[in-house]
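Subject: The structure for you to look at

Hello,

Here is the structure I promised to pass on to you. Please open it next to this email, so that you can find each residue as you read.

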There are 2 protein chains.
Amino acid sequence: MSTTGKEPEAVILEAARKVFIINGYEGSSMQMIADEAGMNKALLHYYFRNKDRLFEAIFIEAFGKMAPRLHQIIVSDRSFEEKIRGFVDEYISTLIEIPEIPLFIMHELRRNPERIIKLVSSSGIDPRKVAGLIKEEMKQGGIREIDPYQLLINLLSLCIFPFAARPIIEGFIFEGDARRFDAFLQQRKKEVADFILNAIKK
Amino acid sequence: MSTTGKEPEAVILEAARKVFIINGYEGSSMQMIADEAGMNKALLHYYFRNKDRLFEAIFIEAFGKMAPRLHQIIVSDRSFEEKIRGFVDEYISTLIEIPEIPLFIMHELRRNPERIIKLVSSSGIDPRKVAGLIKEEMKQGGIREIDPYQLLINLLSLCIFPFAARPIIEGFIFEGDARRFDAFLQQRKKEVADFILNAIKK
DNA sequence: GTCTATATTGTGATAGAC
DNA sequence: GTCTATCACAATATAGAC
């Protein structure tokens, strides 16, 4: 009860989020989460039966932050160029806020791909419709027509990859200088949109 | 000794490769590797002192398959277009053979970023030189000049991301149909090269 | 609800027989 | 070199006091 100030459930979830998203399922222990939450291991089991259930709550939440935005922009009634620019800008901005999420999702999805089925079916997104929509717009927009799936993956690749590969890029290309990498990401919003729009121009 | 038929060391390494690359460091146990190798746990410790050393052998090998190819093509004396086409084609072809490597490297590098420093310094690749080379070629090649780092990351993103995100893409976009995904990858070699070259054309 | 204590299993690693 | 047996410890999870 209490005045909804800091229910243990919320505290646990916040701690679990931090620990799981950084270390992954196998790299995280209930003890780590308990420490982060400032309480006892047993309490985690009291509120969330076991590690799996606690993890699932975090994973679904993280997945939900990534998938639906894409769909929303694609099916809006803006112009094609505005859709591309809008998506790239919003997506990269979001990822700057939660940069660990892409790699987290990719890794955990690889560990347990069956989970996708549940999530996809519950998301209500029909990839065929999205592809059809893109194809339609390419015809009308005076744009070089390419496979809509390739375009879709290109869009996602250019937005997401730098975050998933951050340690490599930051270490390898920017010599470990985080500020250069951040500046790179800010500039990237415009750069990626331009890149895509140029690539599909006739 | 023996006639180099199947030295235990090689058998262990092959087993460790399979297990580590799929499950990651924390997701793998010495028992799993021993089972895969068809021998006893203790033997793994006999040949490779501990789990860390065994893992390091696998990680360095995997990393070595990804990084140097890029450099080799970039510094060759082919034309700019040929470099792009050559790199994309060879890189995607390689990744089709070893599709789990990108995610493996990304995840493990996140877990222990310090490891990069050692590897980068020993690879002899100077990112500044590579960027300078790209910049020079853009001037000569009659190409729209963009930040060479952005171009480099775009190149890598478009090649690597589909492999790292395979379960998501295959499940989410291709409805779990692996054959459609494979066809998609084959087509992608040409598609990505065209996409990039169009994007940087004046 | 929240803690301590504990049961149980799995892990990396080593000792020692052969 | 290769095995069995075992140690020391960390993990998930539960029982039970308060």
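Below is what was found in it, starting with one chain and moving on to the contact between the chains. Please keep in mind that this is a predicted model.

**Chain A as a whole**

The C-alpha trace of chain A spans about 60 × 40 × 35 Å along its principal axes. Of the 202 residues in chain A, 50% are buried. Among the contacts in chain A with a separation of 6 or more, 67% are between residues 24 or more positions apart. Chain A exposes about 9800 Å², and carbon and sulfur atoms supply 52% of that area.

**A helix inside and a patch outside**

Do have a look at H6(A). Nine of its eleven residues are buried, so H6(A) is largely enclosed by the rest of the structure. Among these buried residues are Ile101(A), Phe104(A), His107(A) and Glu108(A).

For a view of the surface, turn to Leu43(A), Tyr46(A) and Tyr47(A). Together they form a nonpolar patch with about 310 Å² of accessible area. Tyr47(A) belongs to helix H3, residues 41–47 of chain A. Is Tyr47(A) exposed or partly exposed? Its relative accessibility is 31%, so it counts as partly exposed.

**Where the two chains meet**

How many residues of chain A are in contact with chain B? There are 53 of them, and they touch 53 residues of chain B. The area buried between chain A and chain B is about 5100 Å², and carbon and sulfur atoms give 70% of it. Three residues stand out here: Arg110(A), Phe172(A) and Phe195(A) supply 15% of the area that chain A buries against chain B, more than any other three residues.

There are also polar links across this interface. Nine residue pairs are in polar contact between chain A and chain B, and the count of salt bridges between these chains is two. In one salt bridge, Arg128(A) pairs with Glu175(B), with 3.1 Å between the closest N and O atoms. Several helices of chain A give two or more residues to the side that touches chain B, including H1 (8–23), H8 (127–140) and H11 (178–199). H9(A) gives the most, with 13 residues.

Now find Arg128(B), which lies in helix H8 of chain B. Its relative accessible area is 55%, so Arg128(B) is exposed. Leaving aside residues up to four places away in sequence, Arg128(B) touches Glu175(A) and Tyr149(B). The side chains of Arg128(B) and Glu175(A) make a polar contact at 3.0 Å. Pro148(B) is 20 residues away from Arg128(B) along the chain, and the C-alpha atoms of the two are separated by 9.8 Å.

**Salt bridges within the chains**

Over all chains, the whole structure holds 22 salt bridges. One of them joins Lys83(B) and Glu137(B), whose closest N and O atoms are 2.3 Å apart. This pair links distant parts of the chain: Lys83(B) sits in helix H5 (residues 80–97) and Glu137(B) in helix H8 (residues 127–140), 54 residues apart. Lys83(B) is buried, with a relative accessible area of 7%, and Glu137(B) also counts as buried at 15%.

Arg166(B) and Glu170(B) are four residues apart in helix H10 (residues 166–172) of chain B, so about one helical turn separates them. Both Arg166(B) and Glu170(B) are buried. Arg166(B) also forms a salt bridge with Asp182(B), with the closest N and O atoms 3.3 Å apart. Asp182(B) is in helix H11 (residues 178–199) of chain B, 16 residues from Arg166(B) in helix H10. Asp182(B) is partly exposed, with a relative accessible area of 38%.

Back in chain A, Glu81(A), Arg85(A), Lys190(A) and Asp194(A) are linked in a network of salt bridges.

Technical notes: Residues are numbered from 1 along each chain as its sequence is written. Chains are lettered from A and ligands numbered from 1 in the order in which they are written. This is a predicted model: local features need pLDDT of at least 70, side-chain atom pairs count only at pLDDT 80 or more; totals for chains, interfaces and linings use all residues. Side-chain values use heavy atoms; hydrogens and water are left out. Patches are made of residues with over 30% relative accessible area and no salt bridge: like charges are joined within 9 Å, nonpolar side chains (Val, Leu, Ile, Met, Phe, Trp, Tyr) within 5 Å. Accessible areas come from the Shrake-Rupley method with a 1.4 Å probe; for residues, only the protein chains shown count as cover. A salt bridge is a side-chain nitrogen of Lys or Arg within 4 Å of a carboxyl oxygen of Asp or Glu. Buried means under 20% relative accessible area, exposed over 50%, partly exposed in between (1.4 Å probe, protein chains only). Contact means heavy atoms within 4.5 Å. Buried area is the accessible area (1.4 Å probe) that two parts lose on being put together, summed over both. A polar contact is a pair of N or O atoms within 3.5 Å; within protein, one must be able to donate a hydrogen and the other to accept it, and residues adjacent in sequence count only if both atoms are side-chain atoms.
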